[in-house]
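Student: I would like to learn how to read a structure like this one. Could we take it feature by feature?

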Amino acid sequence: MTELDMRALQRRLAEFAAARNWQPYHTPKNLAVALTVEAAELVEIFQWLTPEESARVMDDPHRAHRVADEVADVLAYLLQFCEVVGVDVLRALSDKIDRNELRFPPAERASDGPSARGGHSPE
């Protein structure tokens with residue numbers, strides 16, 4: 001997706017909210033809470049799945065549809081949040097990747113993985 005497409009989606013979301021007079025409710029706090037709720041709904045789909053089942057979640061049309069819907073909800077609230085607080089989401093992501101590339105250099109050996117470098121993935 002290009003930056004123009006991202007901005008077009010943000011405008012579309014803003015127009016959708018404006019047409020329903022939802023702007024007073026779209027505060028940074030409310031949007032951050034809504035984003036968290038939607039992310040939790042995405043997690044809920046995977047809650048009791050084994051790692052193997054979770055890797056195949058998109059093979060089940062019903063689950064695939066639920067995953068896609070929750071991903072869309074998470075992205076919609078994230079884009080709305082960024083619009084309200086003035087964060088350029090693509091710039092923020094690019095800058096974060098730049099910082100992570102410095103913090104987490106590539107592994108020198110194939111056996112080096114997250115556990116060999118502190119046990120977690122970049123934030």
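Tutor: We can start with one residue, keeping in mind that this is a predicted model. Trp22 has a relative accessibility of 36%, so it counts as partly exposed.

Student: Where does Trp22 lie in the chain?

Tutor: Trp22 is in the loop that runs between α1 (3–19) and α2 (28–46).

Student: How many helices and strands does the protein chain have?

Tutor: The protein chain has five helices and zero strands. Following the sequence, the pattern reads α-α-α-α-α.

Student: How do I read an aromatic pair?

Tutor: Two ring centres must lie within 6.5 Å, and planes over 60 degrees apart count as edge-to-face. The structure holds one such pair. Its rings belong to Phe16 and Trp22, with centres 5.5 Å apart and planes at 70 degrees, so the pair is edge-to-face.

Student: Is Phe16 buried, partly exposed or exposed, and what is its relative accessibility?

Tutor: Phe16 is at 41% relative accessibility, so it is partly exposed.

Student: What sits over the ring of Phe16?

Tutor: The charged end of Arg20 does, at 3.5 Å from the centre of the ring.

Student: Which residues make the nonpolar surface patch?

Tutor: Phe16, Trp22 and Tyr25 make the patch, and its area is about 350 Å².

Student: What is the accessible surface of the protein chain as a whole?

Tutor: The accessible surface of the protein chain is about 9,100 Å², and carbon and sulfur atoms account for 58% of that. As for the interior, 18% of the 123 residues in the protein chain are buried.

Student: How do I read contacts between residues that are apart in sequence?

Tutor: Consider contacts in the protein chain between residues at least 6 apart in sequence: 58% of these join residues at least 24 apart.

Note on methods
Residues are numbered from 1 along each chain as its sequence is written. This is a predicted model: local features need pLDDT of at least 70, side-chain atom pairs count only at pLDDT 80 or more; totals for chains, interfaces and linings use all residues. Side-chain values use heavy atoms; hydrogens and water are left out. Rings of Phe, Tyr and Trp (its six-membered ring) pair if their centres lie within 6.5 Å; planes under 30 degrees apart count as stacked, over 60 as edge-to-face and the rest as tilted. Buried means under 20% relative accessible area, exposed over 50%, partly exposed in between (1.4 Å probe, protein chains only). A charge sits over a ring if NZ of Lys or CZ of Arg is within 6 Å of the ring centre and within 35 degrees of the ring normal. Helices (H or I, at least four residues) and strands (E, at least two) are DSSP runs, numbered from the N terminus. Contact means heavy atoms within 4.5 Å. Accessible areas come from the Shrake-Rupley method with a 1.4 Å probe; for residues, only the protein chains shown count as cover. Patches are made of residues with over 30% relative accessible area and no salt bridge: like charges are joined within 9 Å, nonpolar side chains (Val, Leu, Ile, Met, Phe, Trp, Tyr) within 5 Å. A salt bridge is a side-chain nitrogen of Lys or Arg within 4 Å of a carboxyl oxygen of Asp or Glu.
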